[in-house]
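Thank you all for making time this morning. I would like to walk you through one structure, starting with its overall layout and then turning to its charged side chains.

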Amino acid sequence: MTKQADLKLNVHGRVLVAAPSGELDHYKAERLRAQIDSTFEKSSCRHILLDMGGVSFMDSSGIGMIIGRYKKTELSGGRIVIANMSEPISRLFDVSGLSKIVSRAESAGMAMHMLGGSFDE
Amino acid sequence: MNKSLIKLEISAFTENISISRVVAAAFVAPLDPTVEEVTEIKTAVSEAVTNAIIHGYARQGYAEHRGHASEATHALESENSENNEAGDNDFVQIIFSAENRVVTIEVRDSGVGIENIESAREPLFTTKPELERSGMGFSVMESFMDSVEISSLPGEGTSVVLTKKINGAQQ
């Protein structure tokens with residue numbers, strides 16, 4: 001059982017970059033949020049950049065996970081931006097109304113720009 | 001006897017949800033569905049099976065043992081901390097059938113049942129906010145499938161019947 005390999009976490013200044021991969025269902029979402037929160041709390045990050053490029057499947061468990069991280073960044077005066085969403089995940093965003101509250105970007109670079117950070121940090 | 005009928009039974013653990021999606025995709029494959037149709041069916045099945053496990057049988061993964069996010073690392077070390085108290089005979093049954101390109105998938109559990117089906121159907125309604133459930137499960141099923149029928153008896157279990165016509169790439 002892989003425990004860490006399905007999520008890459010990197011801190012760039014005030015931005016925590018989280019790049020999950022594989023299928024994001026309830027089982028996986030529970031583990032992702034634990035790992036993201038743990039790193040977020042230990043760091044001095046305010047923002048989360050969620051790079052969905054490696055996610056091949058997502059159901060409403062992923063929506064719940066994203067809403068939770070949205071609230072978390074809001075509490076620390078930050079934001080969350082979602083990058084590289086596939087077409088099916090975009091549809092799920094629209095169905096759930098999440099697209100009204102969470103910003104999205106075409107690429108991780110654009111998302112980083114929206115958060116005022118840099119991958120060089 | 002219906003030739004295209006498959007009954008799948010999985011024990012009520014969240015790590016088994018992925019198997020139900022794999023079987024759903026394999027079941028509809030002979031109907032030559034579009035990639036979009038396969039995704040919609042996989043998503044709806046994933047929602048229904050997740051509900052059966054975490055609501056029907058109240059199995060929530062390790063979250064309930066976690067307490068707080070900062071204890072996450074510890075929780076991850078004990079990967080097998082999933083709640084086993086719900087009993088080893090808790091199964092989710094998924095029955096796939098197809099007729100004239102209409103796929104019917106029934107997801108059945110013998111769990112606690114749903115007190116109020118109308119509330120459960122409402123967007124954003126969840127009985128488990130602590131698990132960060134979005135409350136969008138039935139809304140997603142309804143928007144991705146042609147019909148979603150829910151029947152439930154408190155204390156007896158729940159059945160969710162999902163149907164969808166597979167148009168495929170030709171139309």
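This is a predicted model: local features need pLDDT of at least 70, side-chain atom pairs count only at pLDDT 80 or more; totals for chains, interfaces and linings use all residues.

When I speak of helices and strands, I mean DSSP runs numbered from the N terminus, a helix being H or I with at least four residues and a strand being E with at least two. On that basis the elements of chain A, read from the N terminus on, follow the order β-β-α-β-β-α-β-α-β-α, which comes to four helices and six strands. The radius of gyration of chain A is 13 Å, close to the 14 Å that the globule rule gives for 121 residues, so chain A is as compact as a globular protein of that length; the radius is taken over C-alpha atoms, and the rule is 2.2 Å times the number of residues to the power 0.38.

Residues are numbered from 1 along each chain as its sequence is written, chains are lettered from A and ligands numbered from 1 in the order in which they are written, and side-chain values use heavy atoms, with hydrogens and water left out.

The C-alpha atoms of chain A fill a box of roughly 35 × 30 × 25 Å along the principal axes. Of its 121 residues, 53% are buried, where buried means under 20% relative accessible area, exposed means over 50%, and partly exposed lies in between, with a 1.4 Å probe and protein chains only.

Strand β1 (residues 7-12) and strand β2 (residues 15-24) run antiparallel and are joined by six bridges; two strands count as paired if DSSP finds at least two bridges between them. Within this pair, A:Leu7 stands opposite A:Pro20, and in the two-residue turn of the hairpin A:Gly13 has a positive phi of about 60 degrees.

Next comes helix α1 of chain A, whose N-terminal end is capped by A:Asp25, with a side-chain oxygen 3.2 Å from the backbone nitrogen of A:Tyr27. The end C-alpha atoms of this helix are 24 Å apart, in agreement with the 24 Å that its 17 residues should span at 1.5 Å a residue, the expected span being 1.5 Å times one less than the number of residues. Because 14 of its 17 residues are buried, α1(A) is largely enclosed by the rest of the structure.

Which residue forms a salt bridge with A:Glu30? The partner is A:Arg33, with the closest N and O atoms 3.0 Å apart; a salt bridge here is a side-chain nitrogen of Lys or Arg within 4 Å of a carboxyl oxygen of Asp or Glu. In general, an α-helix has 3.6 residues a turn, so residues three or four places apart point the same way.

Shared partners, in turn, join the salt bridges of A:Glu30, A:Arg33, A:Asp37, A:Arg69 and B:Glu132 into one network, and a search of the whole structure finds 15 salt bridges over all chains.

Note on methods: A polar contact is a pair of N or O atoms within 3.5 Å; within protein, one must be able to donate a hydrogen and the other to accept it, and residues adjacent in sequence count only if both atoms are side-chain atoms.
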